[in-house]
Amino acid sequence: MHIELTEMLRCPEAHEEGFLVMSTGEMLGRMVRSGMLGCPVCGKEYPIVRGVAHFSGKGKGEAGNEQDDRATIPVSRFPSPAVDAATLQALLDLSGPGGYVLLLGSAARHAVGLAGLMGGIHFVGVNAPDDVEELPVLSLLACEAMIPLRQTVARAAVVGRDRLGARWLAEARRVLLPGRRLVIESESVTAPPGLTQLALGHGLFVGERR
């Protein structure tokens, strides 16, 4: 996880947003390979293991076992659309370096292709597939409760076909900056409140946050 992403994170517990604090262990350049994130509001701590920040489960020091509930998330029966990085870049309407782009679920696989076209942008993969690895341009977060980012921090977002539930779409909209675009890898979705539909077709939904 990129160390500068820390200021964009939030605790997934149900309380007001507050900045997290980080205790670093192993680092590789600006990427944190191991360490701990702490929430000053509720005292929960979340480990960074092999570069992935883990927000799922009970949190350090709380009774109970961590449970992976990915199996309860509805997964589309249709294959992922064959969208290339150049098309996706155009749909996201991004120009110029800087900022963060959210890639939710299987959409994290687009990070390498998009990074090759969009230099200077950092990608944040949330609940990425197991075969997606951390990169200098890609930070990985794991959280089954929500997207552990502060609201209105992302320049754009792409939602993979394995995260099409209304809760995840609302979360993706929440972290978008106003006027920025959300691409969903499915046509069979309803736009979350606060999102204006711009295009629908070829296996994709494109919307803009109001």
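A salt bridge is a side-chain nitrogen of Lys or Arg within 4 Å of a carboxyl oxygen of Asp or Glu. The model here is predicted, so local features need pLDDT of at least 70 and side-chain atom pairs count only at pLDDT 80 or more, while totals for chains, interfaces and linings use all residues. Residues are numbered from 1 along each chain as its sequence is written, and side-chain values use heavy atoms, with hydrogens and water left out.

**Exercise 1.** Find out which residue Glu-17 pairs with in helix 3, and what that pair ties together.

*Solution.* Start with the idea: side chains of opposite charge can pair when their charged atoms come close. Next, look at the atoms: Glu-17 and Arg-174 form a salt bridge, and their closest N and O atoms are 3.6 Å apart. Now place both residues. Glu-17 sits in the segment before strand 1 and Arg-174 in helix 3 (residues 166–175), so the bridge ties together parts 157 residues apart in sequence. Helices (H or I, at least four residues) and strands (E, at least two) are DSSP runs, numbered from the N terminus. Finally, widen the view: Arg-10, Glu-17, Glu-171 and Arg-174 are linked in a network of salt bridges.

**Exercise 2.** Work out whether Arg-10 is buried or exposed, and do likewise for Arg-174.

*Solution.* First, the cut-offs: buried means under 20% relative accessible area, exposed over 50%, and partly exposed in between (1.4 Å probe, protein chains only). Arg-10 has 9%, so it counts as buried. Arg-174, with 15%, is buried too. The bridge partner of Arg-10 is Glu-17, with closest N and O atoms 4.0 Å apart. Glu-17 has 26%, so it is partly exposed.

**Exercise 3.** Find out how far apart in the chain Lys-44 and Glu-13 are.

*Solution.* Check the bridge: the closest N and O atoms of Lys-44 and Glu-13 are 3.0 Å apart, and the two form a salt bridge. Then locate the ends: Lys-44 is in the loop between strand 4 (35–38) and strand 5 (45–49), and Glu-13 is in the segment before strand 1 (21–24), 31 residues apart. Lys-44 is buried at 15%, whereas Glu-13 is partly exposed at 31%.
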